[in-house]
Amino acid sequence: MSTPRAVKGSAGMARQPRPDVPDWVAPALDSVLERVAATQTEVGDRFPLFADPCTGRWTTTGRGSWTGGFWAGLLWLRARYAADDGAHEAAAKYTARLADWVHADTAARGLIFWYGTALADTREATELRDRAARACRDAYDAGLGLVPWGSAFGGPRLLARVDGVPGMVPLLATVDEQAAEAHLRRHLELCLDNGSFGWSWWYERPARWVPCDDPPPGWSRGRAWLLLAVADAVHRLGADDLADVARRLIPAHAVPPADETHPGGPLDTSAAAISAVALLRLGRREGAVGILEELVRTHLSGDGRLLDGCYDLTTGTATRHELIWGDFFLACALAALAGLIDPHEI
């Protein structure tokens, strides 16, 4: 059986593996982080987005898009785990390239800058996160009670989208806890309106939120993103009153269908990995273990690829693929389960 390696945390102290770690955790984490090294060789100076399930070849992007922080975060995790100077240099390089997004008009900056810097250990990464947090605070609209989704990816600017909440809550909390909490609670009001799920809302002036049908209400990653944001708020903002909301958002299946209204369709392992991290943050270790064991036993290839992720079922884009954020959350959940990182770091 593999033994997880001790790694240095952000304070420079060695963190020892937990003694009660399931025997499948260490080899799974090894394989996922070895896949990171192989991906780095393949993509060169580009950012990986999703990979073909048969060939393993990555579709990439030059600037990182909304997923760039997950690639930087994976490199930081590998640098910690492997104590590899080359990995550390690569992590610092890709993190610096995220700076192009600091003033982009999008709430996806939470995903980009929180997860791209949370595991970093350099002054430059900390300064970048602070710049991004202040830019997001400047974009906060007190009248709407949130940071709008924005126009960076096209479409109307005044949207509230559930994927603009995770990452944004801890990022905003570093500079303005009231804005962070308001941003979350406004999205909770909208996304959980009238007892049903709605993941995207358009603001129609003068004072009306109109539901949008993209992403669809059955989008399982919407549930996972919101659960992650709630877990952040419970920990960072002391929002203990959200415990009932968290319970409502816990998925019924270890690996949910990409659209819960189409149970026979493609799965989304990335939603499962996100939920596992959220459950670890909430202290629900048993639930996280159940999800992770299913992912490792059934959906993790021998060469460390988390398959059966669904990028976008509506457009038919990468519906059974390896997704860079799925790899990130799986790796972080495994590392947290092993006691190599604190789940509240990410």
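## Before you start

What you're looking at is a predicted model, where local features need pLDDT of at least 70 and side-chain atom pairs count only at pLDDT 80 or more, while totals for chains, interfaces and linings use all residues. Residues are numbered from 1 along each chain as its sequence is written, and side-chain values use heavy atoms, with hydrogens and water left out.

## The chain as a whole

Let's start with the big picture. The chain holds 12 helices and 8 strands; these are DSSP runs (H or I of at least four residues for helices, E of at least two for strands), numbered from the N terminus. Its C-alpha trace spans about 60 × 45 × 40 Å along the principal axes. A compact globule of 346 residues would have a radius of gyration near 20 Å, and the chain agrees with that at 19 Å. That radius is taken over C-alpha atoms, and the globule rule is 2.2 Å times the number of residues to the power 0.38.

How much of the chain is buried? Buried residues make up 59% of the 346, where buried means under 20% relative accessible area, exposed means over 50%, and partly exposed is in between (1.4 Å probe, protein chains only).

## A look at helix H11

Helix H11 covers residues 285-299, and its 15 residues should span 21 Å at 1.5 Å a residue; the end C-alpha atoms sit 20 Å apart, which agrees. The expected span here is 1.5 Å times one less than the number of residues.

Which residues of H11 are buried? They are Ala 288, Val 289, Ile 291, Leu 292, Leu 295, Val 296 and His 299. Looking down the axis of H11, you'd see these buried residues fall within an arc of 170°, so they line one face of the helix. (The arc is that of the directions from the helix axis to the C-beta atoms.) Their cover includes helices H1 (25-43), H10 (269-281) and H12 (324-337). Over on the other side of H11, Glu 286 and Arg 297 are exposed.

## Salt bridges

A search of the whole structure turns up 21 salt bridges, each being a side-chain nitrogen of Lys or Arg within 4 Å of a carboxyl oxygen of Asp or Glu. Glu 293 is partly exposed at 31% relative accessible area, and Arg 297 is exposed at 53%.

Helix H7 (residues 177-191) has Arg 185 and Glu 181, also 4 residues apart and separated by about one helical turn. Their side chains meet at 2.8 Å, N to O. Arg 185 is partly exposed, at 25%, and so is Glu 181, at 26%.

In helix H5 (residues 123-139), Glu 127 and Arg 123 lie 4 residues apart, and their salt bridge is 3.0 Å, N to O. Arg 123 is exposed at 53%, while Glu 127 is partly exposed at 39%. Glu 124 joins in too, linked with Arg 123 and Glu 127 in a network of salt bridges.

Technical notes. Contact = heavy atoms within 4.5 Å.
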